[in-house]
Amino acid sequence: MSKNGKVISRESIIIRTSILGIVANVLIATSKVIFGLLASSIAIVSEGVNNAADALSSVITLVGTKLAGKHPDEKHPFGYGRIEYLTGLVIAVMILVTGIEMLINAVKLIFNPEELSINYVSIAVVAVTAVIKFILGVYTIKMGKKAGSSALEGVGLDCRGDAFASIITIVAALVFVILGFSIDAYAGVITSFLIIKAGAEVLRETVSEILGRPGEKELAAEIYKEVRNTEGVIGAADMMLHNYGPDAWSGSVNIEMDHKKTVGEIYQIIHELQLKIMHEKNVVMVFGIYAVDNDSEFINALRKYIAKFVSANEYIKSFHAVYIEPGTNRIYCDLIVDYKLRDWAGTKVAFLDYMKTEYPDKEVELTLETEFV
């Protein structure tokens, strides 16, 4: 990430955006609470309280980013990057609690309404802050994606949601000013549901990160391309990527290599690959080795035969690790299947029966697996 030739770190992006969010939300919250109290509007006050919570969310994001940047130690050898996911979890809970409290207050006002004193000045304040919140939300989401920060994205989604909620508040205020009829409490209910929805979305995304998403497809594709384009590597599969924070990755991948290569030759290839991927992608990779005999007519015919089965089956994506154990009649093969496949046992039986048709004297050891990235 660079600007005017200067490198902008991921941490700098999060810090700058968070500080901007703190300042903007404090000013917006103060103005809304003041005008909301003057107008006796629960909808406007509720928005102000939520904006104050947004400022606190930005503070938490800021602190979480600083803590996540701590260096690895004996207790946490992979660093503290996952603190950012906990930060996102805290923000999600805060948004949900704010939304629920607003909902309770709004429902109470439905049964015990209060006199409103809304005017066009109050409406103008809400309208201006809505525009500011929308711009701030879009910008924060953009910066969150750029920095790979789910917490920052969550703050941005909440800000953007606040802008949409403000439209409801404005409509309710205009109805009161023009028609003299108050729907403020009902607007507060709708606003609270929008906030709860935003909190639920942030919570879902954060929990998904904590449970473990599949590795980033774009990153995996780049590594696969790097590995497969390396001289001496025949094929690659079974990649796993694990993150210990948004920018700290480790992984493993199985590569197919000519069975005639020596250990020294294989080591040289793998060592150079590890260093290149680590320096260019910031990923520490471990390699597993499959020996492949591309000079064998029998192996080549076998691979073509298996490829026909794969192409004829919708839920089988690819195959690899075709190997004949020396001195035996045992064939090994791995099939990569789609997550949508439900009948694993039936697929395995179908493949084994298919193999017996052409190779009745062979014992086939089949492994079914899914892609991890």
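Author: Two strands count as paired if DSSP finds at least two bridges between them. The model discussed here is predicted.

Reader: How many bridges join strand 7 to strand 8?

Author: Strand 7 covers residues 330–337 and runs parallel to strand 8. At least two bridges are needed for a pair. The number joining strand 7 to strand 8 is seven.

Reader: What is the order of the strands in the open sheet of three strands?

Author: The pairing in this open sheet is mixed. Strand 6 (316–324) and strand 8 (363–369) each have a single partner strand, so they stand at the edges, with one side of each left without a neighbour in the sheet. Neighbouring strands are turned by 20° against each other on average, direction ignored. The order of the three strands is 6-7-8.

Reader: Which strands does helix 10 lie across?

Author: Helix 9 (residues 297–311) packs on the sheet and touches strand 6 and strand 7, with its direction at about 155° to that of strand 6. Helix 10 (residues 344–358) runs at about 145° to strand 8. The strands that helix 10 lies across are strand 6, strand 7 and strand 8.

Reader: Which residue in strand 8 stands opposite R330?

Author: R330 belongs to a network of salt bridges with E325, E363 and E365. Side chains of opposite charge can pair when their charged atoms come close. The residue of strand 8 that stands opposite R330 is E363.

Reader: What kind of aromatic pair do Y305 and Y359 form?

Author: The structure holds seven aromatic pairs. In this one, the ring centres are 5.7 Å apart and the planes make 80°. Y305 lies in helix 9 and Y359 in the loop between helix 10 and strand 8, 54 residues apart. Planes over 60 degrees apart get the name that Y305 and Y359 carry here, edge-to-face.

Reader: Are Y305 and Y359 buried or exposed?

Author: The cut-off for buried is under 20% relative accessible area, and for exposed over 50%. Both Y305 and Y359 are buried.

Reader: What kind of pair do the rings of F309 and Y354 make?

Author: F309 sits in helix 9 and Y354 in helix 10, 45 residues apart. F309 counts as buried, because its relative accessibility is 7%. The ring centres are 5.1 Å apart and the planes stand at 40°, so the pair is tilted.

Reader: How many residues apart are K133 and D54?

Author: K133 and D54 form a salt bridge, with their closest N and O atoms 2.7 Å apart. Both of these residues are buried. K133 lies in helix 4 (residues 120–147) and D54 in helix 2 (residues 42–68), and their separation is 79 residues.

Reader: Is E226 buried or exposed?

Author: E226 forms a salt bridge with K276, the closest N and O atoms being 2.9 Å apart. K276 lies in helix 8 (residues 263–281) and E226 in helix 7 (residues 217–228), so the pair ties together parts 50 residues apart in sequence. K276 is partly exposed, with a relative accessible area of 37%. E226 has 19% relative accessibility, so this residue counts as buried.

Reader: What is the relative accessible area of D295?

Author: D295 and K260 meet in a salt bridge of 2.5 Å, N to O. D295 lies in the loop between strand 5 (283–292) and helix 9, and K260 in the loop between strand 4 (249–258) and helix 8. D295 is exposed, because its relative accessible area is 56%.

How values were computed. Residues are numbered from 1 along each chain as its sequence is written. This is a predicted model: local features need pLDDT of at least 70, side-chain atom pairs count only at pLDDT 80 or more; totals for chains, interfaces and linings use all residues. Side-chain values use heavy atoms; hydrogens and water are left out. Helices (H or I, at least four residues) and strands (E, at least two) are DSSP runs, numbered from the N terminus. Axes are lines fitted to C-alpha atoms, for helices over the stretch in contact, and angles run from 0 to 180 degrees between N-to-C directions. Contact means heavy atoms within 4.5 Å. Rings of Phe, Tyr and Trp (its six-membered ring) pair if their centres lie within 6.5 Å; planes under 30 degrees apart count as stacked, over 60 as edge-to-face and the rest as tilted. Buried means under 20% relative accessible area, exposed over 50%, partly exposed in between (1.4 Å probe, protein chains only). A salt bridge is a side-chain nitrogen of Lys or Arg within 4 Å of a carboxyl oxygen of Asp or Glu.
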